[in-house]
Amino acid sequence: MLVLGFESSCDETGVALVDTKRGLLAHALYSQVAMHAEYGGVVPELASRDHIRKLTPLLEKVIADANLISSDVDAIAYTAGPGLVGALLTGAAYARSLALAWDIPALPVHHMEGHLLAPMLELDPPDFPFVALLVSGGHTMLVDVRGLGDYTLLGESLDDAVGEAFDKTAKLLELGYPGGPAIERLAKQQLSGSLLQAQNPFKFSRPMTDRPGLDFSFSGLKTQVVTHVNKWRAQHDFSEDMELDEQTTVHVAAAFQDAVVDTLTIKCNRALQQTGRRQLVVAGGVGANQALREQLKTLPDTQVWFPRLEFCTDNGAMIAYAGGRRLEQMTPEQQQTLQSDLSVQARPRWPLHELTPPE
Ligand code: KG4
Ligand code: ZN
């Protein structure tokens, strides 16, 4: 079955073609990051408008790259939530209209289920069951995954998502948006030596690791960064309007990343112990972080799986894949129902645990 997937929940427009037997055939991605960077974060209205601009060219590219014609497509999968409502609506309305024109089913897909299954696009994919760490700009979750749609939430962030903490800390250090890659780049400089001479004077706590449970909290970490940087400024006669020197910025970035990576590792270890699982899947934008990847690989008796770097952040391939997994388990009658249901679904809030396995 040939499935065309659309992703437009935030600031990336993604389109992809997945064959449920042969795997990924083609994908195209357009990131709006440069446009939003000017504002220090995603501007929802601009995001929606830009998705509209990019959906058709990306679709044409994907069909051409796969050497196919539109009538080869059997079904469409689109991100229906969670995400920015306007951005979701553009992709959903586009996908639903295309399905109507092409006389094929359109399936609404949960964005986080897409992230969760993204490592399965790789050659040596994980198999159910596993524990998943979902870490993105909007979510931080540990999930026990027993099968498609069979998810139990083990823990989540009580406040900021971990990607959000990276972005806010980067903003504070005036590193621009998105913050994750910028902080990672700086933290690497500490490791690479030239700035290592001075011992890192910053150390931040590992939030909520000193008590049982699998929930997270990252907003306090951001506040700690502010407090420590202000203290450092006072000690070094650095007024608020003076830019931090490079070495100090590197030290703060590295100490912040260390705290996040340690915290996530401790909780993953705990989740694996609690569930008795030996497989860990890591997905979502923060899953692109190399320091996190390296540290998680050291977890004892655990096989760790990641999507390739470009499929950690939002993309159409994961949506086409997740849609394909569900579509291939549907009866012809269920697919027919999807085809005749012309509703356009966009759910800004959509808890993952509301999903159920295919009937
Ligand atoms: O999954 P994603 O593309 O979008 C959401 O669904 O939120 O994740 C974006 C988030 C941003 O907060 C970004 O700063 C973070 O992922 N991120 C990273 C890295 N690359 C992206 N965080 C840490 N290290 C990275 N290399
Ligand atoms: Zn995402």
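Helices (H or I, at least four residues) and strands (E, at least two) here are DSSP runs, numbered from the N terminus. With that in hand, let's start at Asp 19, which sits in strand β2, residues 12-19.

Before I go on, a word on the model. It is a predicted one, where local features need pLDDT of at least 70 and side-chain atom pairs count only at pLDDT 80 or more, while totals for chains, interfaces and linings use all residues. Residues are numbered from 1 along each chain as its sequence is written, chains are lettered from A and ligands numbered from 1 in the order in which they are written, and side-chain values use heavy atoms, leaving out hydrogens and water.

Back to Asp 19. Is it buried or exposed? Its relative accessibility is 12%, so it counts as buried; buried means under 20% relative accessible area, exposed over 50%, and partly exposed in between, with a 1.4 Å probe and protein chains only. Apart from neighbours within four places in sequence, Asp 19 is in contact with Met 1, Leu 2 and Leu 25, contact meaning heavy atoms within 4.5 Å.

Now let's zoom out. The protein chain has 11 helices and 10 strands. Its radius of gyration is 21 Å, close to the 21 Å that the globule rule gives for 359 residues, so the chain is as compact as a globular protein of that length. That radius is taken over C-alpha atoms, and the rule is 2.2 Å times the number of residues to the power 0.38. Of the 359 residues, 52% count as buried. And if you take contacts between residues at least 6 apart in sequence, 71% of them join residues at least 24 apart.

Helix α3, residues 85-102, has 18 residues and reaches 25 Å from its first C-alpha to its last, close to the 26 Å expected at 1.5 Å a residue; the expected span is 1.5 Å times one less than the number of residues. Its buried residues include Ala 87, Leu 88 and Arg 96. What do the buried residues of α3 pack against? They pack against β1 (2-7), α2 (44-65), β4 (75-81), β5 (106-110) and α11 (332-340).

Helix α10, residues 316-327, has 12 residues and spans 16 Å, close to the 16 Å expected. Here 11 of the 12 residues are buried, so α10 is largely enclosed by the rest of the structure. Among those buried residues are Tyr 321 and Arg 326.

Most residues other than glycine have a negative phi, and most peptide bonds are trans. Look at the bond from Gly 81 to Pro 82, though: it is cis, with omega near -10°, and Pro 82 is in the loop between β4 and α3. Another cis bond joins Tyr 177 and Pro 178, with omega about -5°. Pro 178 lies in the loop between α5 (162-172) and α6 (179-191).

That loop between α5 and α6 also holds Glu 174, which has a positive phi of about 55° although it is not a glycine. Glu 174 counts as exposed, at 62% relative accessibility. Asn 67, in the loop between α2 and β4, has a positive phi as well, near 60°, and is exposed at 70% relative accessibility.

Last stop: Thr 302, in the loop between α9 (290-296) and β10 (303-305).
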